[in-house]
Amino acid sequence: MSAMPKWADLVLIPLISLSLAALLSALVILGIGEDPVAAVRMMVTGALGSTYAWGYTLYYATNFIFTGLAVSVAFHARLFNIGGEGQATLGGLGVALVCLALPWPHWALALPAAALGAALFGAAWAAIPAWLQARRGSHIVITTIMFNFIAASLLNYLLVNVLRPVGSMDPSTARFGEGTHLPTLHDLLAPLGIAFSKAAPANISFLLALVACAAVWMLIWRSRLGYEIRALGHSEPAAIYAGIRPVRTVMWAMLISGALAGLMAVNTVMGEAERLVLNSVEGAGFIGIAVALMGRNHPAGVFLAAILFGFLYQGGAELALWTDIPRELIVVIQALVILFTGALDNMVRMPLERLFLSLRKGRA
């Protein structure tokens, strides 16, 4: 039993880690001769100061919710799926093939079909590493890394040689038909009398991400399969003794994880670009790892962590645009947040555990 209360694990540790990352980031900004207070003010204004800013923050957060949930589901089975990049890349291919296959009359028909295509292609790309892990003992980290590169090369080949329209020099598919265009948050909120920027890319995929959060919570904590996934993650021998089949459970966990990563493409490919382009994932698969770790692999935590990283992405872009702070420093700030909330988690956790243990002994 942990000496630390649950609220400290879920709230206090992430807050301390974020504070340490912010403090070190401020020192770095001071080191290059800039004002950290002005930099924070610019980031807050750029990410949260208008509906346009919120639109971009929620657009990035939508991507991170899907990839964070993908990592979380796999991690509950003690599978470190870092193949979200490749699975989301193939998810984009699934979206494009569905959207280009038919002259869709309305987005309400195209969206479920495209989401299904994204999920199936993402799951299929996760299936081979899952099978290699479950049947052959191949390490899931190695195989998913390899499949990220394979996915990028496969998409590059398809866009250049197969899917590129005749006469076009751009390695991308043709634009999707009018009936596949998803409503933006402006379109969704206008009937309610709420003004929202027309130029912001946030769309109905954000609501789909919220549904995914609820679905993952139901899966992990309210279903038999979720119990089997968690049991396998805690102790494989105990799970086998309880009648849980490891191969089946590993396969299901990775298939669901890949499907969630693939669903990210609905936002980027169908919602924003309205065509399939190279590098539409833009690192969101790797950011999902930090989101899952910071969110403690719980859908509510993943949602909050995704909003934070959406803020960092959009605020960092505005900071690089309107100040002399170089874009590379924004990447450093994001890396510090990932470092303190992920790799250096024990640096905060262990002293706190000793503190709470000493307090508990003092009351005994």
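Is C99 buried or exposed? C99 is buried, because its relative accessible area is 3%, where buried means under 20% relative accessible area, exposed over 50% and partly exposed in between (1.4 Å probe, protein chains only). The structure is a predicted model, in which local features need pLDDT of at least 70 and side-chain atom pairs count only at pLDDT 80 or more, while totals for chains, interfaces and linings use all residues. Residues are numbered from 1 along each chain as its sequence is written, and side-chain values use heavy atoms, with hydrogens and water left out.

**Cysteines**

- C213 also counts as buried, because its relative accessibility is 9%.
- A disulfide is a covalent bond between the sulfur atoms of two cysteines.
- With a disulfide taken as a pair of cysteine sulfur atoms within 2.5 Å, the count comes to 0.

**Aromatic pairs**

- The whole structure holds 9 aromatic pairs, in which rings of Phe, Tyr and Trp (its six-membered ring) have centres within 6.5 Å; planes under 30 degrees apart count as stacked, over 60 as edge-to-face and the rest as tilted.
- W125 and F147 form an edge-to-face pair, because their ring centres are 5.1 Å apart and their planes stand at 65°.
- This pair links distant parts of the chain, 22 residues apart: W125 belongs to helix α5 (residues 107-136) and F147 to helix α6 (residues 140-161). Helices here are DSSP runs (H or I, at least four residues), numbered from the N terminus.
- W125 and F147 are both buried.
- A cluster joined by ring pairs contains Y52, Y56, Y59, Y60, F64 and Y313.

**Surface leucines**

- L23, L24, L27 and L30 make up a nonpolar surface patch with about 370 Å² of accessible area together. Such areas come from the Shrake-Rupley method with a 1.4 Å probe; for residues, only the protein chains shown count as cover.
- Patch residues have over 30% relative accessible area and no salt bridge; like charges are joined within 9 Å and nonpolar side chains (Val, Leu, Ile, Met, Phe, Trp, Tyr) within 5 Å. A salt bridge is a side-chain nitrogen of Lys or Arg within 4 Å of a carboxyl oxygen of Asp or Glu.
- L24, in helix α1 (residues 6-31), is partly exposed, with a relative accessible area of 32%.
- L359 lies in helix α15 (residues 345-363) and counts as partly exposed at 42% relative accessibility.

**Annotated spans**

- The unreviewed UniProt entry lists "transmembrane region" for several spans, including residues 57-75 and 110-128; such annotations may be inferred rather than shown by experiment.
- Residues 57-75 are 100% helix, with end C-alpha atoms 26 Å apart.
- For residues 110-128, also 100% helix, the end C-alpha atoms lie 28 Å apart.

How values were computed: Helices (H or I, at least four residues) and strands (E, at least two) are DSSP runs, numbered from the N terminus.
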